[in-house]
Amino acid sequence: MALKRVKASGACNRKEAKKKKEKLNEVIKKTNKINTMFKQREEHSENHGSLDNVDHNINEPPSVEAVVTSEEHDINYSEVLEIPGEPPSVEAVVTSEEHDINYSEVLEIPGEPPSVEAVVTSEEHDINYSEVLEIPGEPPSVEAVVTSEEHDINYSEVLEIPGSDPAEWKINSCTIDYICKNGFSQNLDSSFSQSKRIYQSVRRGSFRNINRYVNKSFFETVLVNGKKCPRKYLVYSQSKGSVFCVPCYLFNNTSAFSKNGFSDWKRPKSIDKHENSLSHKTCVVKMKNRSSELNNVNEVLTFQLETEKIYWKNVLTRVCAVVKSLSSRGLPFRGDNENIGSLHNGNFLMCLEMIAEFDPFLANHLANYGNPGKGYTSYLSHSTYEQFIKLMATKVQNQIVEEVINAQYFSIVIDSTPDIAHVDQLSFILRYVNNKGLPVERFLCFLENVGHKSQCMADTVFSILKKYNIDIAYLRGQSYDNAKNMSGIYSGLQARIKEVSPLADFVPCSAHSLNLVGSCAASCLKSTLKNLSETRWSAREDACKAINQNWDSVKQSLCDISENINEKSITQNEARGLLRLMNRFEVTFMSLFWGDLLQRFNVVSKHLQSVNIDVCKVCDQYEALIKYVVNLRSDEMFQHYEVLAMKKCSDNCYETIYKRKKKRTKHHDETASIIKNEINLTGSLEFKVNTYLVICDSIIKELTSRKLAYDNVITKYSFFLRLTKIKPSEVRVSAEHLYSMYTKDLDVTFINECVHFQSYIQSMKNSPSTIIDMSSMLKIEGLEDIYPYM
């Protein structure tokens, strides 16, 4: 059982307190007293006593003399020295050789004030006497004399920063040091009205007064070769209206330039005479030497600071180059660790190590600062390149926004897709024409979890444009996929944006529309090859190409798997089913047909996704695909694919030949003649009518219907593509129609400008054929002033 803690009694507590007090008194006795920090001055008055007497006999007011010497340590006299009783006379001599001494506090001695004399010597450090020495009682006589080895400094007055007027300077060592270190202003921008001097001259037998002023030319000297050199030693005094020579003024030269200033404007050559005098040159040398001594420490510190800056700038330059290279190629930065020399430290440190093999500077940095751990600066950690990536991203975004604002008109492309973490991200892309007349597309930002409702996405678009100060009034185009929440004509995203910017034409994504064409054609069949993607049918061309090129090898592999007793039964059955499908004539036929069709779709889809594509080219490519499918619909092409399928397939007969025809139900109103004349399709004809032609017709219909969306947009600008073929009257009518739609963007002169531009195009040997080529030509040849609205 644990013992219960007993509370100490009051007597025990008092005993413990007494012991603690005794220990504290012992510590106080061992502590050095203040009298051990002072020593008596040898040269003192007979009436002065010793400081030790103050410690032993406080009631009798002795004299006090304090001499303080500090050689190796900083001494703080910030506390107040108070001596009760009748005040003695006090004399303090303080010497500091190696450390700064702060006399910022007030030395107070109560009682009748004595006379005080302070002599302070400072050899190597600055001493601050900015505070006031106060002794209560009647005001004593105070004398402060500071002696230095090289200069006599008088700190009896408060240190003030000298102003711009030299006549108001209080010449002492502090002022000299300040001006030698920081320089001075010549006051050349001030008014010279105070420099007015009156001279008498005799003209036509009578005396007349002539006013003369100082001239800025007095502050320059002209050499024999005509070169002008500034007289940096001269400064104008506004109060006296005269010119002072600063070196002579500071170092007590006896010339007129240092006493009251020079003001004899009638004899400016006196400045040349003074400039060449020995006394002036001596003072200039003194000022130069004084400035060098004062700036020596600052120069060393500045040099060290600049050296450190240059070193870390070189480190960051190499780090920035690696970050830019990796980020521009979309490569990851991190690895399993961040240790220099590890094989799993990631691409960032790997690149730095590789550069260090050829760069001694970086190799030395990795050797000295590699693997420092937390709390040390090396600029090699992940936080450094993450900051660089953010800075680069901000810089790129600002550059994109600046280009968009300069281009004025722009379009937006928006699409959303989930990332690897299944977070839905909305991509925001801007499309505009650069200063070379070429269209460019720039990715601006990702927006997470915006939602799929058109209202949410519209609010997001408006907020992004407002965030980057992009005026939505200049939005002239918008392109999305064919989803109803995006392309809906009543409540879709494009409709909501048109409510704010009516001139923002909606252009469906041509590549996405082309993928939907193939998907729709495949869905109309009851039995066909299984597609791998619902929206990217054109990208499945590689699958058809692979199976067509390795047809026999795939069949042999399936046969081996189906006969392998070591395989699972479900695997064998699946292989037999796939092999049975590949042995069908219809499957072989469709594999060859879809291979050719998807190959064309894939090539066109990639071309439609290029940046330099325009709506005119989209219409041309859709028209070309329509004609291509129409040609495939012919009997000749059907027979061509039959021949190719017979060469690959071992069974050259259609499946419908072996199948028993299902009898259909006869209706009561059908006559015998109708039933007799009924056509029964079998074999090749049945496959052609019910499968091959259905696919071709479905593709043609979808391409034609989706092409109408682009035709409606290009109709407004199509006359630019026919400038060499149509008449000027037709150009004028089309230009008037376009002007009526964009009255806020175009001027009335645009109509006549189009007619003039037609004449220019017709006069060219190699005229541009597309709108992009025309835009680029206007920029390159500098024709914007002639055709500003084109």
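Predicted model: local features only at pLDDT ≥ 70, side-chain atom pairs only at ≥ 80, totals over all residues.
Before I turn to the helices, a word on axes, which are lines fitted to C-alpha atoms, for helices over the stretch in contact, with angles running from 0 to 180 degrees between N-to-C directions. Residues are numbered from 1 along each chain as its sequence is written, and side-chain values use heavy atoms, with hydrogens and water left out.

Let me begin with confidence. The mean pLDDT of the protein, pLDDT being the predictor's confidence in each residue from 0 to 100, is 78, and 77% of the residues reach 70 or more. Among the elements, which are DSSP runs numbered from the N terminus (helices, H or I, of at least four residues, and strands, E, of at least two), helix H8, residues 346-356, has the highest mean pLDDT at 94, whereas strand S3, residues 116-122, has the lowest at 35. Over residues 40-158 pLDDT stays under 50, and for that stretch the model has 186 contacts beyond four places in sequence, a contact meaning heavy atoms within 4.5 Å. Residues 526-531 also stay under 50, with five such contacts.

Now to the packing around helix H18, residues 585-608. Its axis and that of helix H20, residues 635-648, come within 9 Å and cross at roughly 120°. On the H18 side the contact includes Phe585, Phe589 and Asp596, and on the H20 side Phe638, Tyr641 and Lys648 are among the residues involved. By class, this contact has nine nonpolar, one polar and three charged residues, where Ala, Val, Leu, Ile, Met, Phe, Trp, Tyr, Cys and Pro count as nonpolar, Asp, Glu, Lys and Arg as charged, and the others, Gly among them, as polar.

H18 also packs with helix H15, residues 541-549, at an angle of about 140° and with the axes 8 Å apart, which makes H15 oblique to H18. The residues in contact include Cys544 and Ile547 of H15, together with Trp594 and Leu598 of H18, and the classes here are five nonpolar, five polar and one charged.

And what does H20 do with helix H23, residues 683-714? The two pack at about 115°, with their axes 12 Å apart, and H20 and H23 are therefore roughly perpendicular to each other. Phe638 and Tyr641 of H20 take part in this contact, as do Phe687 and Tyr692 of H23, and its residues divide into five nonpolar, one polar and three charged.

Finally, the structure holds 30 aromatic pairs, meaning rings of Phe, Tyr and Trp (its six-membered ring) with centres within 6.5 Å, where planes under 30 degrees apart count as stacked, over 60 as edge-to-face and the rest as tilted. One of them joins tryptophan 312 and tyrosine 369 edge-to-face, at 5.2 Å centre to centre and 65° between the planes. Tryptophan 312 lies in helix H7 (residues 278-328) and tyrosine 369 in helix H9 (residues 360-369), so the pair ties together parts that are 57 residues apart in sequence.

How values were computed. Parallel < 35°, antiparallel > 145°, perpendicular 65-115°, else oblique.
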